[in-house]
Structures are given as structure tokens and as C-alpha cells.
Amino acid sequence: MNGLFFYLFGFLAVALGLAAVLQRNVIKGGVALLGSFVSLGAVYFTSGAEFIGIVQVMVYGGAIIVLYLFALMTMDLEKMKEEPLRLGFVSAGGFLAGVLFLLIVYGAMSLEGAPSLTVSGAKELASPLFYRFLLPFEVVSVLLLVATIGAVAVGRREE
Amino acid sequence: MSLLKKATFTDLLKGMKITLKTMFKPTVTVHYPFEKVPPRKRFRGIHALKLNPDGSYRCEACYLCAEMCPSNVIDMEMTEGKDGKKELVDFTVDLTRCLFCGLCVEACPRDAIVMTDIYEFSQYSIDKLILHKEDLLELGRYYQKRQRERK
Amino acid sequence: MIEHFLSLLFIVGLMLVAVPPITYLERKVLGHMQQRSGPMVVGPHGVLQPIADAIKLIFKEDVIPRGADKLLFVFAPSFSVFAALLAASVVPIGFINAVPMKSGLLFVMAMSAISIYAFFLAGYSSNDKYSFLAGMRAAAQVLGYELPMGFALMAVVILFGSFDFNEIVKWQQTHGWGIFYQPIAFVIFLIMMVAEVCRPPFDLPEGESELVGGFHTEYSGMRFAAFFFGEYINIIVLSLVVSLLFFGGWSGPLADKHPVLGVLYHLLKAGFFIFLTFWLRATFPRYRFDQMLNIMWKIFLPLSILNIFIAAVEALFVG
């Protein structure tokens, strides 16, 4: 039963992700992306990682897509439809996606057997994050802080 | 001090106290189609034509009311009676145009046209809003009965 | 298994059945707070008004405006009910717990976070200026309230040490109600809850005086009703959550011996918060858009972060 839902939502996540890329209407693309993220959350659920699934839905579905759509709605959508596809952008994006895909496949190959599913709650997730992987965690948070300050500096109006 | 006031939501809570108190006060609603507020004594509702005590028309078809009317509401028709006097044939009041100013009542030298206290006269068809002599006389009977009751 | 299924049926049924009486009570309470008497005609004191409303809404013509994005236009109202019912399914009412979940509290937050898409997509797909503006407001509002609400809950969770509603109530049964430990979190959560369900004074996406009807300007019939179902179910769910987090949920005198009494306590406590939303609606005018964002980002967000430290200190001492 769980396996069935796992594959169902996995398929949905991929299909909606594709729809998000291929859809010419940006808002519909955003909605497809939302569906993809929520299905991904459901995939986490079916594989037992309840906490990560919920956080996936809350952060990506609840905050990030809202921000995307909010920004998109302030733009002129009709104009964006007419904009032609630029070969340079498409090829660069395709190249990056290909590299990412290979990396993920490589990472999956290096796994020995199925990963043990013990990260259902917050506690199981938090203790490795704050003890074993404290340094990478802190580095990432500093990186995010730098990005935030940079965004404020760029977006600030000159007095 | 004002900061403390804001932090404890003093003003907001004061407002909420008032609404809560109001909730237990009796309501002031008049449930209209079931309850009605009686109109004031001098209320100007739709028109009526009075009759003399002997049953003859009070209206002499002098046209003064029609002359006074700012919206051209009133029209009448008359003919020469047997004794050579003017006699009313029809008297129409077009309520679709009337603004209930009461000038016709002021103008009338015989106190024939009066205004009743009826304010509910909606109709489904527009031509029912044009009152004819019979309707006005009927209303006149209502008006006179009402006047007698008031005394 | 069968027990969970029955509980789920009970909770979903309760949510759907409770909405019409709540709309009636709301109109009554609002009326009396303004010295009016509210609905009076259909049935004694108008008690059958919701049924009359339902009949009217079911038989009303269903209009889809020309130029609307049909798919999203149809999708949006159903999404509103769907997200609200999903959130309702994990909230335990007394011993009735349909989907016991370790991270139940977070799940409710996630579902209420995505329920805002109903407003947003309705606003976008209607192809109408007013609806569009309402959708934008809904999106900005969710960005405003989501963070303080999350941080307020974070403080509570630090104190209770769990996301599980049952654990949270158990903690309160031994240590006392959460409001005595976390009054700031309670106030913040209450205000954010009102913003979350888009009720006055934070009803910006449906500000009638400025935006005609807001996001549901173009909706009619059952689709229109679906938005209200979603909204009221959200109110019920969040009222249940508030009473769970800060008022001990189903704990109360004699509740251990008679679990049914616990259900009653819980529903009564939630009922008070439902009443509170009516009360707020009758009392306060709508906030202006920039005022709303100001208080969310500049007052409640720092306050809620500060509150996390208070909670951490409390957690050290209380344990």
C-alpha cells in the first residue's frame, strides 16, 4: 500500500515538475511547481519521514511558492508570454540540470542497500544536525546570512 | 506609558468591552413587515379625494392642484353637468412621477385632495401606479374614517 | 483501524455539520453586538436561516466569467475545503483522534499555510481587477503572519518538547495550562490565527468596502459557498488548536474518568475562541494593508523571536 502511494506521488512530482518547466503561463507553472513540491512531501511521508515531509510542504509550498507567485503577479504576464526562448539560457540550464542529475545518480549508486528510515520525527533529524554535522550546518547558515545581507544591500534604496 | 497601553491592548480591550455590553442590551430593530412604525400625524403618503357628507364630489375640477404640481402628476377630465356646473369625470394621479411635496393639498380651495398616511403602495405593474377617480375616492373614504378615529 | 476510520468520519462530519450553525450564530452575535437582532424570519428566531441559505446557494446559477482561467477557477474553491479538512483530520478532539501523528501541530500549520492558495488562485483566475488585488493581498498577508505564527509555536513546542497534540495535553495535565507559561505566544498566536483565516480586522483579501467582494467577487452558487466552508472549518480547527496548546485541551475536572466530558470541555474551549472571532469582527475596523504588514513584520516577528528565548529559559527550569 505504502509502496503504491510512493510511486504514485513520485510520478506526480516528476510529471508536475515537467509541467512547471514546459508551461508557458507562468502562474500555472508556479501552481504546477506547488503540486510537485506537495507530492514530494507526500513521497517523504510514504517513506516514513513524516517531519521532513511536513516541512517540505510548509516551507516550499507555504512560503517559497507564495513568494514566487507574488513576484510573478507584479510583472506583466502578457509580455512574458511573447518572449522567445533563448538558446543560450536553455542550453546552460540543461547542462546544469544534466550535471545535477548525474551527481544524484552517482550519490544514489554509492548507497549500500536501502537507507534506514529513522528520521520520522524532529528529534531524530535534529540531533545529527546539531552534533555530527554541526560545522556544515553552521557554514550553510552563515552562507544564507550572507545572501540575506547581500539581498538587503542590493535591494536597498539609496538615501 | 503609551507603550504600556499598547502592549496591554488597553484601548482594544475597552472597545471589546463595549461590544460585549451592547450584546446584552435589548435590540432596537423594528421587524418591519410584521411590526410597523405608525407614520407621523403630518406624514404625506399617497393622495385621496374627499367626498362631501352628502356624497357629492368635493372637487370642482378647478385645475389649481394640477397647476401647482411641479412634476405634472395630476390630470383631470370634466364635463358640463345637468345643472350647468362643472362635473368631474376622471381624476388621475401618476404616482410614478409624484414627489409627495404636498403642494396640491396646499393649493386646493375646497380641501378636496388630501394625503393619506399610506406608504406601502408598490405594484408589480407600472400602470397600477396611476390612480384613477375610483381609487382616489376609495382612499378618501379610508382617510376620512382614519380622521374620525384620530379624534 | 476501524476506530480511526470512525473518528475520521466523526471529525469530518462534525466540521461539515458545524459550519451552518456557526454562520447562524455569527450573524446573531454580530447583530446583537450592534443592537440589531440578526436573522429572524426563517423559523423561530431565524434558526432555519442557514438551511434557507444553503438551498439558495445550491440552486443558484454557476457562473464562470469569460476570460477566466477555467481550470484554476474551478480548482480554487475545492482546494479551500480540501486543505481545511486535511488540517482538521489530525486534530484530536478529546479521545477522538483520527490520524495520530507525531508532528500533528506542524501538519496543521502546513495545511493552513497552503490553504491561502485558494484565495490566491481564485484571485488570479477570475480575470478581474478586484479579485486580482485581493489575491495579491492574500499572498502578502501569508508572508506576514506565517513567520510570527511559526515562531510563536516554536516557543510553545520548546516548552512542551513535542509536536504531538496528545503529548502536549499530557504535559499540561501535569504542569498546568500553557497560557500561564507562554502568555506572549498565546497573544501572538491568537492574532495570527485571526489573520490566517482572513477575518476582521485582518480581512484584507475580502475587504468589501475596497475590493467589491475580494477574491470571491466572480464566484457564485456552491463554489462561493465552498470558500466559506473552508474559512469556517479553518476557524474551528484553529480554535481547537488554541485550546489544545494553551488551555489544556480536553483536560478538566472529572475528564480522566469520563472521556466524553473531555470532548465536551475541548469543544467548549474551542467554542469560546470561535465566539472571539465574532467578537473581534464586531469590534474592530479593518487594518490598512501597510499597517497590517507593519505590525506583523516590525512588532510581532521580533517579539516572537524574543519569546523563544523566554521559552528556552522556562524549559530549562520546568523541564
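How many salt bridges does the rule find across the interface of chain B and chain C? It finds zero. A salt bridge here is a side-chain nitrogen of Lys or Arg within 4 Å of a carboxyl oxygen of Asp or Glu.

This is a predicted model, in which local features need pLDDT of at least 70, side-chain atom pairs count only at pLDDT 80 or more, and totals for chains, interfaces and linings use all residues. Residues are numbered from 1 along each chain as its sequence is written, chains are lettered from A and ligands numbered from 1 in the order in which they are written, and side-chain values use heavy atoms, with hydrogens and water left out.

Start with chains B and C. Their contact (heavy atoms within 4.5 Å) takes 15 residues from chain B and 17 residues from chain C. The buried area is about 1,400 Å², and carbon and sulfur atoms give 74% of it. Buried area is the accessible area (1.4 Å probe) that two parts lose on being put together, summed over both. On the chain B side, M16(B), T19(B) and M23(B) supply 37% of the area buried against chain C, more than any other three residues.

Now turn to chains A and C. Here 27 residues of chain A are in contact with 25 residues of chain C. About 2,300 Å² is buried, with 81% from carbon and sulfur atoms. M58(A), F70(A) and M73(A) lose the most area in chain A, together 25% of what that side buries. The rule finds one salt bridge across this interface. The side chains of D69(C) and K28(A) meet in a salt bridge, at 3.4 Å from N to O.

Last come the aromatic rings. Rings of Phe, Tyr and Trp (its six-membered ring) pair if their centres lie within 6.5 Å; planes under 30 degrees apart count as stacked, over 60 as edge-to-face and the rest as tilted. The structure holds 28 aromatic pairs over all chains. The rings of F6(A) and Y7(A) have centres 5.3 Å apart and planes at 85°, so this pair is edge-to-face. F6(A) is partly exposed, at 32% relative accessible area, and Y7(A) is exposed, at 62%. Buried means under 20% relative accessible area, exposed over 50%, partly exposed in between (1.4 Å probe, protein chains only).

The rings of F215(C) and F227(C) are also edge-to-face, because their planes stand at 70°, with centres 5.1 Å apart. F215(C) is buried, at 0%, and F227(C) is buried, at 1%. Elsewhere, ring pairs link a cluster in chain C that includes W177(C), F180(C) and F273(C).
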